[in-house]
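Welcome! Here are a few exercises to work through with the sequence and the structure side by side.

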Amino acid sequence: MIVLGIETSCDETATAVVNDKREILANRVLSQLDDHRPYGGVVPEIAARAHLEHLDRLVAEAMDDAGVDFDDLDAVACTGGPGLIGGVMVGTMTAKAIAFAAQKPFLAVNHLEGHALTVRLTDDVAFPYLLLLVSGGHCQVLIVEGVGKYKRIGTTIDDAVGEAFDKTAKMMGLGYPGGPALEKVAAKGDPNRFGLPRPLRGRPGCDFSFSGLKTAVRTYLDGFPVEQQTDEVKTDLAASFQRAVGDTLIDRARNAVFEFMRDYPGGKTLVLAGGVAANKYLRGRLVELTDQAGMELVAPPLHLCTDNAVMIAWAGLERFRLGERDDLDFKPRPRWPLDPEAPKRPGAGVKA
């Protein structure tokens with residue numbers, strides 16, 4: 001089987017071709033960082049227009065890289081949500097047009113499922129496994145029982161961890177994108193200098209909270225006159241923030257590991273996925289946790305943690321070989337939970 005994937009949910013325009021031998025035949029990603037950097041964050045209208053401008057070319061380049069034409073495809077997959085709706089619409093309409101013209105099955109993929117299933121492409125991880133999904137918009141713990149079968153056992157009740165990284169970096173003037181910039185600066189700092197909170201640490205359950213941690217950083221910054229906000233202060237504050245995030249993730253993930261091992265004694269894998277999974281410090285902390293629990297931490301290669309079309313093509317292929325298809329009247333979704341039956345969390349809003 002050969003599947004073309006299209007990803008346009010945020011600020012990367014991406015196309016890819018994969019096959020059922022777990023081979024990545026093509027992988028094209030066009031970043032829009034330079035377009036959004038002057039604004040300090042993603043501007044949805046600019047993102048959608050950039051997708052519209054570049055997507056056709058990137059599809060052609062991916063097909064050429066893979067050495068296939070549309071007749072060789074078995075299906076066409078795209079991100080159908082969640083994401084910035086303008087970009088999702090561009091990708092969905094393009095995929096529908098290709099599928100209709102080439103008379104190929106169309107699959108609308110949940111962007112989060114793309115992240116969740118990437119390790120089955122890269123590491124052939126078997127079901128069930130525990131998933132820690134951490135990105136700019138989501139922070140959840142889910143039990144992955146199979147394709148399309150997700151049980152959410154924890155979520156953020158306010159900010160996602162990637163959102164907290166980006167907003168903290170912006171407060172500190174570290175530039176955009178904030179997460180990688182903060183990680184780089186934190187590597188040089190003293191993580192013990194500032195006593196930042198560890199939200200929800202020690203409490204039952206697997207939910208997360210990062211809003212108070214972000215506010216604590218703001219309070220420390222406000223305590224220093226501008227002339228005293230030196231590079232040393234910022235590196236130490238970044239390091240302290242990153243350690244606090246790590247401590248919080250470990251505490252909440254430990255509860256999730258115990259719950260998972262109790263209910264799924266055959267499961268031995270904790271999967272780390274999403275854009276924040278590219279953070280090497282957090283990966284190292286989670287390895288310590290899984291080693292203690294007798295589990296294995298598996299995360300995609302760094303270039304497949306951030307948004308890409310490889311994960312969309314693979315998730316589409318996983319669904320396609322189970323006999324699933326989507327109609328061409330599929331409506332793009334700005335919100336699309338992996339576990340729609342999970343109870344809402346007070347204060348979490350759409351992030352639940």
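**Exercise 1: a residue and its surroundings**

At 16% relative accessibility, Asp 307 counts as buried, where buried means under 20% relative accessible area, exposed over 50% and partly exposed in between (1.4 Å probe, protein chains only). Before going on, note that this is a predicted model, in which local features need pLDDT of at least 70, side-chain atom pairs count only at pLDDT 80 or more, and totals for chains, interfaces and linings use all residues. Residues are numbered from 1 along each chain as its sequence is written, and side-chain values use heavy atoms, with hydrogens and water left out.

Task: find where Asp 307 lies and what it touches.

Solution.
- Step 1: Asp 307 sits in the loop between β10 and α10 (310-320); helices (H or I, at least four residues) and strands (E, at least two) are DSSP runs, numbered from the N terminus.
- Step 2: Not counting residues up to four places away in sequence, Asp 307 touches Glu 7, Ser 9, Cys 10, Glu 12, Val 29, His 111 and His 115. Contact means heavy atoms within 4.5 Å.
- Step 3: With the side chain of His 111, the side chain of Asp 307 makes a polar contact of 3.1 Å. Such a contact is a pair of N or O atoms within 3.5 Å; within protein, one must be able to donate a hydrogen and the other to accept it, and residues adjacent in sequence count only if both atoms are side-chain atoms.

**Exercise 2: a second residue**

Task: is His 115 buried or exposed, and which side chain does it join by a polar contact?

Solution.
- Step 1: Look in helix α4 (residues 111-122), where His 115 is found.
- Step 2: His 115 is buried, because its relative accessible area is 4%.
- Step 3: A 3.2 Å polar contact links its side chain to that of His 111.
- Step 4: Leaving aside neighbours within four places in sequence, the contacts of His 115 include Leu 133, Cys 305 and Asp 307.

**Exercise 3: the sheet**

Task: in what order do the five strands of the open sheet come, and which are the edge strands?

Solution.
- Step 1: The order is β8-β7-β6-β9-β10, with mixed pairing. Two strands pair if DSSP finds at least two bridges between them.
- Step 2: The edge strands, each pairing on one side only, are β8 (149-155) and β10 (296-298).
- Step 3: Strand β7 (residues 139-146) runs antiparallel to β8, and six bridges join them.
- Step 4: Leu 142 has Arg 152 in β8 as its bridge partner.
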